[in-house]
Amino acid sequence: MASLRIRNLLRFSIHGTLLSSSPLRPGFSGSSRSYSVVESSKHFLLKSDDEEIFALRRKFEAAKQSFLSIPDALREMPKMNPKGIYVNKNVRLDQLQVYGFDYDYTLAHYSSDLQTLIYDLAKEYLVNEVSSDNTVLLYDYGSFPYSSCCSFQLRYPEVCTSFKYDPTFPIRGLYYDKSKGCLMKLDFFGSIEPDGCFFGRRRLSHTEIRDIYGTRHIGRDHARSLVGLMDFFCFSEACLLADIVQYFVDAKLEFDASYIYEDVIRAIDHVHRSGLVHRGILSDPHRYLVKNGKILRYLKMLRERGKKLFLLTNSPYYFVDGGMRFMLEDSLDCRDSWTELFDVVIAKANKPQFYTSEHPFRCYDTKNDTLTFTKVDEFLPDKIYYHGCLKSFLQITKWNGPEVIYFGDHLFSDLRGPSKAGWRTAAIIHELESEIQIQNEDTYRSEQAKLHIIQELLGKLHATASSSSRTTAFNSLLEELNEERQKARSKMKMMFNRSFGATFLASTGQESAFAYNIHQYADVYTSKPENFLLHSPEAWLHVPFDVKIMPHHVKVPSSLFKTG
């Protein structure tokens, strides 16, 4: 049929004039004949298109029948390891001689109660605190540095103290728009997730997103006002931002979204810098900290293999010391100190400025809680150091970039600087375990396969006809396919988070912007540092030969469902 269709079409010029090897009879116009043949050809094309649509309809109906049960082949697909190490760039562990670690959410594991603590302390600060500190402070959350002279009175309405942290609302990797006040999830290519843009706690419709931004794709001008919420502390931050915006909307009060961002960040920064969070955690460590003997095993194994270890954290020493003592009290010999595991311990490092500044190191006197005045030109055992910079660190240690790997949870503060400095980087993403466990489930993989089938059928359907020649059969099938696609997307999304879905994936099936940043700045990523115990210290970690974008994602083939 296709060849007959092509032969018929080849008999016409682009103007519809009949082409023939025999000349026309004198005085006879070929226009009427060409018109009738063109009409005939048009009818033939419509008929052929309808046949293709009916064929797609049959495949769709067959697919829906196959959706009623999960194929055995899908159940037999290999499962991804929730505790696996996933590789973006090849890493030879035998060439690594120096291992560096962040503290919070890297060596230290926290319970979910910590987000509630941060949220409650920050909202109390917004309502009750008056700052008279006239010093200039520099904040850095995500990629937005903010400096301000802190002499102000916030005094948010008393009703804000009744706000409650909602653990079901935020995920990591969201973006807040300081100019518009929207909290959103972006995909790998910088487009707004269709159902993942909120103004306060209200989800914006597709039409509202277009009205605000003109398009789902975030251009360069809009990107300047976006702030990435990338570390594990960002959950309370994202929730508080949305709740404050929602309050102003409900109260019908005018507000500038950038002021809300600055105030919330100032509050979050205050509860960290003032020590409120640190003291809260240490006052009830059983509630907030998770004991972890495996991390001690991993650190000791590295020491026994002759590796150099260092700790580089923004937290103060007393907080790190209290946390490490608690976490390791059941594993560490009472005669030993956790600091003996490390060749260098650096606290209050002020990352990410640590990687670009030229701040000097100061030795910290743990007994008197003071900084010494002696110049630091070497790192001594059992000493604690504050501040400093990467330039001085490399000059003192003589450690070369490619032989150093640094573990951290914050893509910008922890990993971007080391990556640019030539260090190898390992991202610690705690929620990776739960997301892989969900992706391993047959119900998720079944919905994923459904989505792939529907996407394929939609692509073939759109290829059958132009918008000017869409028939009733075309529109009917298009509507049903779009409805089924939305159902599959919604089911997959709800398996992760009801508001924003998966951390690494957009509902369209593409990777998220968070996944893009992991891909950019992390050579490897895993849920916990001790997962490296599953590999030999001499192992070669390779990018999978069939890698997509994120190596922990499995693409379930639609062929597992036979559609006829």
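**Close-up 1. Leu302 and its contacts.** Leu302 touches Tyr99, Phe101, Lys307 and Leu309, not counting residues up to four places away in sequence. Contact means heavy atoms within 4.5 Å. This is a predicted model, in which local features need pLDDT of at least 70 and side-chain atom pairs count only at pLDDT 80 or more, while totals for chains, interfaces and linings use all residues. Residues are numbered from 1 along each chain as its sequence is written, and side-chain values use heavy atoms, with hydrogens and water left out. Leu302 is found in helix α11. Helices (H or I, at least four residues) and strands (E, at least two) are DSSP runs, numbered from the N terminus. Leu302 is buried, with a relative accessible area of 1%. Buried means under 20% relative accessible area, exposed over 50%, and partly exposed in between (1.4 Å probe, protein chains only). The C-alpha atoms of Leu302 and Leu341 are separated by 9.3 Å. Along the chain, Leu302 and Leu341 are 39 residues apart.

**Close-up 2. The second largest cavity.** About 40 Å³ of space lies here. A cavity is a set of points, on a 1 Å grid over the protein atoms alone, where a 1.4 Å probe fits but cannot get out; lining residues have an atom within 4 Å of a point. Grid points are joined across faces, edges and corners, and a volume is the space filled by probe spheres set on the points. Leu302 is one of the lining residues, which also include Leu93, Tyr298, Phe532 and His535. Helix α11 (residues 293-304) gives the largest share of the lining, 3 residues. By class, the lining has 7 nonpolar, 2 polar and no charged residues. Ala, Val, Leu, Ile, Met, Phe, Trp, Tyr, Cys and Pro count as nonpolar, Asp, Glu, Lys and Arg as charged, and the others, Gly among them, as polar.

**Close-up 3. The largest cavity.** The structure holds 2 cavities of 30 Å³ or more. The largest has a volume of about 110 Å³. Its lining has 14 residues; Met492, Lys493, Leu505, Ala506 and Ser507 are the closest to its centre. Helix α17 (residues 472-494) supplies the largest share of this lining, 3 residues. The lining divides into 7 nonpolar, 3 polar and 4 charged residues.

**Close-up 4. Ser512 in its loop.** Ser512 is found in the loop between α17 and α18 (513-521). Ser512 is buried, with a relative accessible area of 2%. A polar atom of its side chain lies 2.7 Å from the backbone oxygen of Thr503. Beyond residues up to four places away in sequence, Ser512 touches Lys185, Leu186, Asp187, Phe188, Thr503, Phe504, Leu505 and Ala506.

**Close-up 5. An open sheet of 5 strands.** The strand order is β12-β11-β10-β9-β13, with antiparallel pairing. Two strands pair if DSSP finds at least two bridges between them. At the edges are β12 (202-203) and β13 (226-229), each pairing on one side only. Strands β9 (residues 174-177) and β10 (residues 182-186) run antiparallel, joined by 2 bridges. Tyr175 stands opposite Met184 in β10.

**Close-up 6. The second largest pocket.** The volume of this pocket is about 550 Å³. A pocket is an open set of points with protein on both sides within 12 Å along at least five of seven lines. Its lining has 24 residues, of which Phe232, Phe235, His430, Glu431 and Ser434 lie nearest its centre. β4 (109-110) and α15 (432-440) each supply at least two lining residues. α15 gives the most, with 4 residues. By class, the lining has 10 nonpolar, 9 polar and 5 charged residues.

Technical notes:
A polar contact is a pair of N or O atoms within 3.5 Å; within protein, one must be able to donate a hydrogen and the other to accept it, and residues adjacent in sequence count only if both atoms are side-chain atoms.
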